[in-house]
Amino acid sequence: METLKDKTAKGLLWGWLNTFLQQALGLCFGIILGRLLSPDDYGMMAMIAVFPLIAIALQNSGFNVALANLKSPEDRDYNSVFWFNIIVGTAMYAILFFSAPLIADYYNDDRLIPLCRYAFLNILFSSFGTAQSAYLFRNLMVKEKAKCGMVAVVCSNLVGAGMAFGGMAYWSLATQGLVFIGLNTLLMWCASPWRPSLRLDFGPVRRMFRFSVKVLATGIITEINNNVLNILLGRYFSPHATGSYNQAYQWTSKCQYLMQGALQQVAQPVLAGLGGQEGRRLAAMRKMVRLAAFLSFPLLFGLGLVAEEFIVLAITDKWLFSAELMQVLCVAGAVIPLHTLMSNATLSCGHSGVNFGCTCGLGVASIVVMVCIWPLGIRTMVVAYTVLNVLWVFVWLFFVRRLFGYGYAMFLRDTLPFAFAAAAVMVATGLATAAIGSLAAKLAVRIVLAAALYYAVMRVARVGILAECQRFIVSRLRKG
C-alpha cells in the first residue's frame, strides 16, 4: 500500500513532469508565435485575459479546494458541484457576452467586441470539467491529470501556430486558449471514473459555500493582482505596450510555474492529510519551502541573466523592451512559488478567511500603487509590482507562523542560502561572460556555466535537499 510520503513524491514527480513538459512546449510554440505575431496582437488578448479568468473562478467557486478538504466526499457532493458550475458558467458567459461593448469602450477599441464573445467561450467549456478536475485533485491522481494537460497543450499550440502562420493574428491566440480548455476538459472526463447524474441537489453546495466563497474571492483577487498591469497598461498606454509587458510576464511565468505548478497540485491535499500531526506537518511544510527555494531562485535569476540574449535570438529584437521588463519580473517570479505554498498551508488548516485576507491585501495594495504611479512609466510600475510581491512573502509568513509554528528564523534559514547562492552565481557568471560577442555563444555559455556553478556550490555546501532529489531520481530510474 502506498504511503502518504510515496503519494507525495509521486505527485511532485508527475506534477513537475507535467509542468515541465507544458512549459517546454510553451517555450517552443511561444517562440514560433512571438516571431509570427506582433506586440499589438498579444496586447489585444492581454487586455481581456482577466475577464474569463474571473468568470471561471466564479463558476468554480472554490469547490475544488472545498472537496479536497472533505474527509470522504460522496457522489452527491461531486454531482452538486457539477450542476452548479454548469448553471453559473452559462450565466457568466451570457453576462460577459452582453458586456463586450462595455469592455471595448473601456479600452477604446471596438475590435474587442467580437474577440471577447469568441474568447470567453472557454468559460462554458471549463464549466463541464470542474467536478472531474476536483475528483482527480482530491484523489492525488496527478499522473492522469498530467497526461490530460500535456496532450491538450500540444494540440492547442499546434492549432494556434497554424492559425498564426495563416495570418489570423490575435484570433490564433484566442483559438489556442479555447482548444486547450475544451480538450483538457474532454480528456479529464476520460481519466476520471466519476460521472454525473441527472439528480439536482444543491444541498452539498450550500454546506460547502461558507468555506468555498472565501476561496472564490481569493481566486478573483489573485487573478486581478496577476493581471493588474495588463488592465492598466491597456487603459493608459497602448496595445503595443501591453503586449510588450505581457510577453515578458508570459516568459517569466513559464519559468516560475515549473515549481509553482508541481507544488500547487500536492501541497494542499498533503498538508490537509497531516491535520492533527503538527510535527509532521511542519516538517513537510519546511521541506516543500526548501525545495521551492532550491529550484525557483536559480531558475528565475538565471532567466533574468539571459533575458536579453534569449529574447533577441528567440523572437527577434522587436521584443527587446520585453527583455528589460523580464529582468525585473524574474525577481518577483522567484518568490511566487513561496506565496503559493503559504496560501496552500492556510487552506489546509481550513482558514480560507486568512487566505482571502492576505491575498486581498496584496491585490488592493497593487492596484492602489499602480494607479498612483502609472504616470512614471511602465518600468517603474514593474519595479513596484516586484517589490510588493517580494515583501508580501513576510505578510503570508505572519499568518503561517501562527497556524504552523513556522517562524521567521526557520523561513530565512530555509530560503536565504539558496537566494544568496543563486544571486552570487548569476553575478559571477555575468561578469565572466560579459566579453563574449556572439549572442548565441553568450546564451549557451551562461546557461551551462551558471548551472555548473550552482550545482558545485550546492555539492560543496552539502545541501540536504540536493542529496534527497538525487536519491529520489536514482530510485525512480531503477524502478522504471
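These legends accompany close-up views of a predicted model.

**Figure 1. Overview of the chain.** The chain holds 20 helices and zero strands. Of its 480 residues, 52% count as buried. The accessible surface is about 20,400 Å², and carbon and sulfur atoms account for 68% of that area. Among contacts between residues at least 6 apart in sequence, 83% join residues at least 24 apart.

**Figure 2. Buried face of helix α6.** Helix α6 spans residues 112–119, and its buried residues are L112, L115, C116 and A119. Viewed down the axis of α6, these residues fall within an arc of 100 degrees, so they line one face of the helix. An α-helix has 3.6 residues a turn, so residues three or four places apart point the same way. The buried residues of α6 pack against α2 (39–48), α5 (75–107), α7 (122–127) and α10 (170–191).

Figure 3. T242 belongs to helix α12, residues 239–273. Its relative accessible area is 0%, so T242 is buried. Leaving aside residues up to four places away in sequence, T242 touches G43, A46, M47, N230, L233 and G234.

**Figure 4. Salt bridge between R76 and D201.** The side chains of R76 and D201 meet at 2.5 Å, N to O. R76 is in helix α5 and D201 is in the loop between α10 and α11 (203–236), so the pair links distant parts of the chain, 125 residues apart. R76 is partly exposed at 32% relative accessibility, whereas D201 is buried at 18%.

**Figure 5. Salt bridge between E309 and R446.** The side chains of these two residues meet at 3.3 Å, N to O. E309 lies in helix α14 (residues 307–315) and R446 in helix α19 (residues 439–460), so the pair ties together parts 137 residues apart in sequence. Both E309 and R446 are buried.

**Figure 6. Salt bridge between R379 and E324.** The closest N and O atoms of R379 and E324 are 2.9 Å apart. R379 lies in helix α17 and E324 in helix α15 (residues 320–348), so the bridge ties together parts that are 55 residues apart in sequence. R379 is partly exposed, at 48% relative accessibility, and E324 is partly exposed at 36%.

**Figure 7. Nonpolar surface patch on α17 and α18.** F394, F398, Y408, L412, L416 and F420 make a nonpolar surface patch of about 510 Å². Helices α17 (378–404) and α18 (408–433) each give two or more residues to the patch, and α18 gives the most, with four. F420, in helix α18, is exposed, with a relative accessible area of 56%.

Methods. Residues numbered from 1 in each chain as written. Predicted model: local features only at pLDDT ≥ 70, side-chain atom pairs only at ≥ 80, totals over all residues. Heavy atoms only, no water. Patch = residues over 30% accessible without salt bridge, like charges linked within 9 Å, V, L, I, M, F, W, Y side chains within 5 Å. Areas by Shrake-Rupley, 256 points an atom, 1.4 Å probe, with all protein chains shown as cover. Salt bridge = Lys/Arg side-chain N within 4 Å of Asp/Glu carboxyl O. Buried < 20%, exposed > 50% of the residue type's maximum accessible area, 1.4 Å probe, protein only. Arc of directions from axis to C-beta. Contact = heavy atoms within 4.5 Å.
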